[in-house]
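Welcome! Please take a moment to look over the sequence and the model before reading on.

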Amino acid sequence: MMVKEITIISGKGGCGKTTIAASFMALAKNLVIVDADVDAADVHLLMQPQIKSKEIFNGLNVAKKNDELCINCGKCYENCRYGAFDPDNTLHPEKCEGCAVCEMVCPVNAIQMVKRNAGEAYISDTRFGPMVHAKLHAGEEASGKLVALVRQNAKNVAKETGKDLIIIDGPPGIGCTVIASLTGVNLVLVVIEPSLSGIHDSMRAIKVARHFNIPVLVCINKYDINEENTKNILKFCDDEGIEVVGKIAYDDTATKAMMDEKTVVEYSDGPMSQAIKEIWQQIEKVLI
Amino acid sequence: MKLKKITIASGKGGTGKTTIAVNLAMSIDNAMLIDCDVEGPNSHIFFKEPMIKLKDVSIPAPVFDLDICTLCEKCADFCQYNAISILGEKLLFFEELCHGCGGCKIICPVNAITEKDHHIGIIEKGGNKKLAIYHGLLNIGEPFGVPIIRELKGFADDSKTTIFDSPPGTACPAVEAIRDSDYCILVTEPTPFGLHDLTLSVDVVREIGTPFGVVINRDGIGDDRVEKYCKEQNIPLLAKIPNDINIARLYSKGIPIVEGMPEYKTMFAGIYKSIMELI
Ligand code: SF4
Ligand code: SF4
Ligand code: SF4
Ligand code: SF4
């Protein structure tokens with residue numbers, strides 16, 4: 001059985017991406033839920049997952065210096081390109097990017113690369129099925145690597161439990177976490193809010209998806225906060241041949257459902273809920 | 001204590017970080033604005049003046065002389081980011097995974113590796129006489145924006161108060177933006193998502209050791225959970241910005257609050273004043 005994967009991104013945060021993604025997760029059948037926003041995961045607040053298994057995520061290794069062996073030759077300072085050493089060869093591990101160059105150049109083996117526990121990855125159960133998520137420790141790097149781990153876990157869970165769909169709530173931005181959350185998926189849905197900044201960022205998100213040759217669909221959230229901008233988005237998508245699968249009006253149901261720790265489609269059957277359901281039907285048609 | 005560099009950050013995007021950064025910079029004297037969100041810079045949208053390119057940002061990337069290369073695999077074994085692999089008789093280099101550390105060049109026993117510049121983005125400048133703004137743009141498809149943030153930070157002028165708009169989240173780009181600032185303002189919303197993401201940011205700024213306070217945006221949409229949390233944790237609450245549809249409308253059009261509703265200027269200037277009193 002082919003497992004289909006869809007990632008929901010938006011470029012900019014706060015435009016309702018997680019609200020919409022979580023509703024899809026509640027509507028879809030036979031799925032694995034993925035929260036790939038490992039920096040600031042929020043899906044679990046609506047899903048209340050029961051954690052079944054937990055694994056430690058080791059990020060990139062970090063340099064550790066043994067001052068007793070150090071002869072202050074200055075090679076580490078000269079060769080570290082990330083400013084992790086002061087001119088007097090003092091190491092600031094929090095600036096280390098784990099490249100291991102200092103370990104290689106140190107003539108007396110005073111530096112060793114050691115593992116660093118950078119986060120945790122979880123496999124859980126929810127009322128909608130299995131959920132795969134993670135937590136990156138404060139200030140850690142390599143979050144793209146953690147997203148890749150989460151996605152691999154999701155594929156494994158899908159195989160083991162016979163699920164045929166993976167819905168991924170993606171991270172904001174266009175960098176390593178976003179790239180890791182969308183490479184190789186079947187479809188990307190870009191949620192756009194019609195503010196100038198929302199448009200600016202979502203255009204960049206669309207470009208990233210296209211850069212990796214992934215089919216893109218668009219949905220406009222809070223379309224009525226600026227109908228002029230909404231028109232521009234529709235025109236842009238039309239010109240670019242991007243299908244717009246729906247528009248959702250501004251609605252405080254989103255916040256109310258969040259306060260109640262539920263998805264919108266569970267919380268109410270109002271206009272927002274209806275709009276999301278229609279969008280999901282459209283997406284399902286494209287996915288099959 | 002000096003208050004030269006203030007970073008505006010939030011765990012989650014879309015909480016109003018940029019709104020606070022722009023309006024704060026516009027409400028204090030002798031300020032400048034540096035937008036460190038190189039994946040999705042937004043501050044410039046609130047300025048009429050266009051952004052003009054200042055410079056390219058590149059990182060060094062290896063170039064392999066395949067005539068000299070003996071396929072010894074030393075570089076591939078060394079590279080911590082799996083940017084090099086040897087497949088049969090072929091050396092493969094994945095430029096987008098390379099961090100430009102220079103390690104492969106050092107380790108190559110036959111000097112088959114030299115370096116060239118790999119373009120990852122640009123830095124632009126804009127704004128006006130009163131308030132200059134700098135931002136960076138990461139190229140589409142490039143994964144790592146931190147080198148651009150590092151260069152951007154270098155544009156801070158010591159004779160001014162610099163407001164940094166940080167990228168969202170708690171990972172490396174946000175940390176790079178917050179590091180070296182004198183004060184950090186964490187922006188959040190009074191909702192479960194807002195509180196959850198705030199607690200993550202608090203962990204980060206506490207670890208970095210930067211003094212910080214909280215601004216609640218869209219006050220009124222949720223409940224008092226964020227305020228309670230701040231009280232329990234002894235975190236100063238610097239301001240509450242009401243959930244006002246007019247603010248949202250101005251925002252969608254790219255008009256700063258202090259321009260569309262000048263009555264808010266006192267509030268933003270007040271944030272700066274309370275920080276001065278706190279530190
Ligand atoms: S491992 Fe690389 S980044 Fe870390 S301290 Fe050593 S040279 Fe610098
Ligand atoms: S390279 Fe090694 S010996 Fe030289 S200063 Fe660094 S840690 Fe000390
Ligand atoms: S410069 Fe560093 S990151 Fe880039 S390929 Fe060489 S070893 Fe890998
Ligand atoms: S270390 Fe030098 S010789 Fe060895 S595979 Fe790499 S480029 Fe070729």
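How many residue pairs in polar contact does the rule find across the interface of domain 1 of chain B and domain 2 of chain B? The rule finds two, with both residues at pLDDT 80 or more. A polar contact here is a pair of N or O atoms within 3.5 Å; within protein, one must be able to donate a hydrogen and the other to accept it, and residues adjacent in sequence count only if both atoms are side-chain atoms.

A word on the ground rules: this is a predicted model, in which local features need pLDDT of at least 70, side-chain atom pairs count only at pLDDT 80 or more, and totals for chains, interfaces and linings use all residues. Residues are numbered from 1 along each chain as its sequence is written, chains are lettered from A and ligands numbered from 1 in the order in which they are written, and side-chain values use heavy atoms, with hydrogens and water left out.

Let us stay inside chain B for now. Domain 1 covers 5-47 + 128-278, while domain 2 covers 58-119; these bounds come from an automatic or database domain assignment. Taken over C-alpha atoms, the domain centres are 39 Å apart. Six residues from each of the two domains take part in their contact, where contact means heavy atoms within 4.5 Å. About 470 Å² is buried between these domains, with carbon and sulfur atoms giving 52%. Buried area is the accessible area (1.4 Å probe) that two parts lose on being put together, summed over both. On the domain 1 side, Asn139(B), Glu142(B) and Phe144(B) lose the most area to domain 2, together 69% of what that side buries. No salt bridges are found between the two domains; the term stands for a side-chain nitrogen of Lys or Arg within 4 Å of a carboxyl oxygen of Asp or Glu.

Now turn to where chain B meets chain A. Here 58 residues of chain B and 57 residues of chain A are in contact. The two chains bury about 4700 Å² between them, and carbon and sulfur atoms give 60% of that area. Glu39(B), Ile140(B) and Phe193(B) supply 16% of the area that chain B buries against chain A, more than any other three residues.

Between the chains, the rule finds two salt bridges. In a salt bridge, the side chain of Glu115(B) meets that of Arg81(A), at 2.9 Å from N to O. There are also 24 residue pairs in polar contact between chain B and chain A, both residues at pLDDT 80 or more.
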